[in-house]
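Here's a quick briefing to go with the structure. Have a look at the fold, then read on for the sheet, the pocket, the helix packing and a hairpin.

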Amino acid sequence: MPETTAARPAAHSPVALLAATPLFAVLPAEELNQLARTTRTRSYQRGEVIFRKDDAGYTLYIVVSGAVKISVSSYEGDEIILAIFTTGQFFGEMALFDEEPRSADAEAIEPTEVLTVQRDDLIQVLERRPRIAIIQLLKVLGQRIRATDELLQDAAFLDIPARLAKRLLDLAEQHGEATPQGVRINLRLTQQDLASMIGARRENVNRALAYYQSRGWLAKSRGYFTIMNQAALRHRALP
C-alpha cells in the first residue's frame, strides 16, 4: 500500500531530523522513533552560548533552524572558528563518547533551535545495535579528523588569500543558494568572522576581499556574500 501524506514525518520532526543525521540514518524506524521520544528542543538567541570549552558534555545537538559556530579562543581573546553548523547538521558528539570536557565553545550566531539527544539515551540505542554503532561512529569521527587535518594543511601551505578563497568556496558548498548573480552564502558573515575561520588578521582578510570584489569574483550585500566567479576562486585557492 502506498504511504499516505499523513504518515510522512514533518521535515523538522524529531524522527526526520534523526533519520537525516549520519550517526542515526541507518537505524531501523523502531529505534529512531524510540530515540526521538527522548529528545527535547531548545531555543537560543543570537550570541547566546550553548556550551563553553571545558564544560561537561552529556548532550548531542542537531540544528533544527538557525546557525551555530564552534570556536576556540586564546587567553588574549583571539578566536578561531572551527566550524559553522546549520539546519540538519549536528555537533557536540565528541564529549558524549570520550567522556571528556567540551573541547570548544558553541554559540548561536542566529536565532537558533536545536534538538538535544542525551548521552544515556543514545548509548542505550547504540548498545542494541553495536555493529551499526561502530561503523557509523568510525565514519563520523573519520570525517571530523579529515576536516581538522585539512585546516592544518591549509594553514601550513596556503597564503591568506588562498585560504580565504577556499573557505568561501567551502561555505558556498555547505550553505550556498544559487541566484542569478552567483552562489549566495546564506550566513551573515563579517570580515572578522572570515578572519577567525582562517586564522588571519581582519586587515589582511579585508585586503583580499577588496581584491576579489574589484575583480568581480565576489559581491556583498546586506551582510551576505555572493560568489560570482567560482572558477577564479578555485584557481586562487590552489597552493
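Keep in mind that this is a predicted model. An open, antiparallel sheet of four strands runs in the order β1-β8-β3-β6, and the largest pocket comes in at about 1,500 Å³.

**The four-stranded sheet**

- Going across the sheet, you meet β1, then β8, then β3, then β6, with antiparallel pairing.
- The edge positions belong to β1 (40–44) and β6 (90–91); each has a single partner strand, so one side of each has no neighbour in the sheet.
- Five bridges hold the antiparallel pair of β1 and β8, with β8 covering residues 112–118.

**The largest pocket**

- The volume of the largest pocket is about 1,500 Å³, and 45 residues line it.
- Closest to the pocket's centre are Leu82, Ala83, Phe85, Arg144 and Ala147.
- Elements giving two or more residues to the lining are β5 (79–86), β6, α3 (93–98), α5 (130–157), α6 (160–175) and α7 (191–198).
- Which of the elements gives the most to the lining of the largest pocket? That's α5, with twelve residues.
- By residue class, the lining splits into 25 nonpolar, nine polar and eleven charged residues.
- Two elements here turn up under other headings too: β6 is also an edge strand of the sheet, and α6 also crosses α8.

**Helix packing**

- Helix α6 meets helix α8 (residues 202–214) with the axes coming within 10 Å and crossing at roughly 70°.
- Angles of 65 to 115 degrees count as roughly perpendicular, and therefore α6 and α8 get that label. Their crossing is right-handed.
- Helix α2 (residues 29–36) packs with helix α4 (residues 119–128) at about 165°, and their axes are 10 Å apart.
- Anything over 145 degrees counts as roughly antiparallel, so that's the description for α2 and α4. The crossing of α2 and α4 is right-handed.

- Strand β11 (residues 218–221) and strand β12 (residues 224–227) run antiparallel, joined by four bridges.
- Within that pairing, Ala219 has Thr226 in β12 as its bridge partner.
- Two residues sit between the strands of this hairpin, and Arg222 takes a positive phi near 55°.

Methods
Residues numbered from 1 in each chain as written. Predicted model: local features only at pLDDT ≥ 70, side-chain atom pairs only at ≥ 80, totals over all residues. Heavy atoms only, no water. Pairing = 2+ DSSP bridges. 1 Å grid on protein atoms, 1.4 Å probe; cavity = no way out; pocket = protein on both sides within 12 Å on 5 of 7 lines; lining within 4 Å. Points joined across faces, edges and corners; volume = space filled by probe spheres on them. Nonpolar A, V, L, I, M, F, W, Y, C, P; charged D, E, K, R; others polar. Axes fitted to C-alpha atoms, helices over the stretch in contact; angles between N-to-C directions. Parallel < 35°, antiparallel > 145°, perpendicular 65-115°, else oblique. Left-handed = near helix turned anticlockwise from the far one by under 90°.
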